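Subject: Structure handover

Hello,

Please find the structure below, with the sequence. Notes on what was found in it follow.

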Amino acid sequence: MPPNAKGAVLALLAFATYSFHDVIVKLLGASYSPVQIVFFSGLFAFPLVTLILIRDSQPGTLRPVHPWWTLTRTVSAVITGFSAFYAFSVLPLAQVYAILFAAPLVITLLSIPILGERVGIRRGAAVVVGLCGVLVVLRPGATDFSLGHLAALAAAFASSLASIIVRKIGQDERSVVLLFYPILCNFLVMGAALPFVYVPMPAMELGGMALLSVMAFAASAMLIMAYKSGEAVVVAPMQYSQIIWAAFTGAIFFDEFPDRWTMAGATIIIASGVYIVLREGGKSKTNRPVLRSRTRFETGIMPRVRFFRRDRGEGLKDSGPKDD
């Protein structure tokens, strides 16, 4: 199989696994708080992540070089995990994905003040069109704007902020630092809140919590192999296959059928995101924050693909701004 085709297939399998992971989140969310789901999925993931941490041979300590940026990223990752899990629990799957797909657009906007990147007219227009797609999904005034919609928007923004910060400080910070603090913060914050929302779980549902960790780890591993096999410009757009899985699993498990506004808005957002990825995939680019960040919204539980690609020079800060 050609490398790009192999990368695309692996990415499709990874995002299919993520989609069923989110189905379990929604099923558990009917009975348990997102705090409890995030805490236990992180707890079960910790042994797997520990194996990743101990394989890092880069010398140094866990003291961050950029403490304030590291703190901001850590808080953003925790907000993303809680908000996304809550949104999946109360909103239709397709609607949540459509809103989360706006993250590349937000990353492009954040790259201006944080990375000093200049966004040209065409990419700027794509961002505006994509944000209009978000409005089509939300339809302010025509539908009730719920806490779930606010959570999905918060997850999209916080995930984008966490991604763009890695682009800014990734050259200086050790990978284990970028991975360790969100996991630690998730454990402390969700653990402190857990006594207020805890509901006893039968063995089967506790197993569901463990399955979340296994599926997230397996999907991350497949995505890592996908990026090692194929070009990022081919692999990155495969994330949008999740909208197809959302329509399928939503209908099968939850009797959810995306309305025409959700699908129309998702189509606009996806088209804008794919355009930006293709624009940033040109060989002349030196600053491509969206392309290299689009894998999966970061919950602070599992490592991003970038963690495994440091030896290939990925995830490092670029030398300077460049317009398109």
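A polar contact is a pair of N or O atoms within 3.5 Å; within protein, one must be able to donate a hydrogen and the other to accept it, and residues adjacent in sequence count only if both atoms are side-chain atoms. One case involves Gln36, where a polar side-chain atom lies 2.8 Å from the backbone oxygen of Val199.

Before the rest, some ground rules. This is a predicted model, in which local features need pLDDT of at least 70 and side-chain atom pairs count only at pLDDT 80 or more, while totals for chains, interfaces and linings use all residues. Residues are numbered from 1 along each chain as its sequence is written, and side-chain values use heavy atoms, with hydrogens and water left out.

Confidence

The mean pLDDT (the predictor's confidence in each residue, from 0 to 100) is 82 for the protein, and 85% of the residues score at least 70. Helix 3 (residues 67-90) has the highest confidence, at a mean of 92, and helix 13 (residues 289-293) the lowest, at 51. For residues 310-324 the pLDDT is below 50, and this stretch has 52 contacts in the model beyond near neighbours in sequence. A contact here means heavy atoms within 4.5 Å.

Overall make-up

The protein has 13 helices and zero strands. Both are DSSP runs numbered from the N terminus: helices are H or I of at least four residues, strands are E of at least two. Of the 324 residues, 54% count as buried. Buried means under 20% relative accessible area, exposed means over 50%, and partly exposed is in between (1.4 Å probe, protein chains only). Among contacts between residues at least 6 apart in sequence, 88% join residues at least 24 apart.

Gln36

Gln36 lies in helix 2 and is buried, at 0% relative accessibility. Leaving aside neighbours within four places in sequence, Gln36 is in contact with Leu194, Val197, Tyr198, Val199, Met201 and Met209. Gln36 and Val197 are 161 residues apart in sequence, yet their C-alpha atoms are 7.2 Å apart.

Aromatic pairs

The whole structure holds eleven aromatic pairs. Rings of Phe, Tyr and Trp (its six-membered ring) pair if their centres lie within 6.5 Å; planes under 30 degrees apart count as stacked, over 60 as edge-to-face and the rest as tilted. Phe39 and Phe40 make an edge-to-face pair, 5.3 Å centre to centre with 90° between the planes. Phe39 is buried at 13% relative accessibility, and Phe40 is buried at 12%.

Why is the pair of Phe39 and Phe187 stacked? The ring centres are 5.4 Å apart and the planes are at 25°, so Phe39 and Phe187 count as stacked. Because Phe39 lies in helix 2 (residues 34-54) and Phe187 in helix 8 (residues 175-197), the pair ties together parts that are 148 residues apart in sequence. Phe187 is partly exposed, at 43% relative accessibility. Phe39, Phe40, Phe187 and Tyr198 form one aromatic cluster.

Lys26 lies in helix 1 (residues 3-29). Is Lys26 buried or exposed? Lys26 counts as buried, at 8% relative accessibility. The charged end of Lys26 sits over the ring of Phe254, 5.3 Å from its centre; the test is that NZ of Lys or CZ of Arg is within 6 Å of the ring centre and within 35 degrees of the ring normal. Not counting residues up to four places away in sequence, Lys26 touches Phe88, Ser89, Val90, Leu91, Pro92, Leu93, Phe254 and Glu256.

Asp255 is in the loop between helix 11 (242-254) and helix 12 (260-280). Asp255 is exposed, with a relative accessible area of 58%, and has a positive phi, near 55°, although the residue is not glycine.

Nonpolar cores

A nonpolar core is a set of buried Ala, Val, Leu, Ile, Met, Phe, Trp, Tyr and Cys residues joined through side-chain atoms within 4.5 Å. The largest one has 49 residues, of which Leu28, Ile37, Phe88, Leu100, Phe101 and Ile243 touch the most other members. Helix 4 (residues 93-100) gives the largest share of this core, seven residues. Another core, of 14 residues, lies apart from it and has Leu10, Ala11, Tyr18 and Val235 among its members.

Regards
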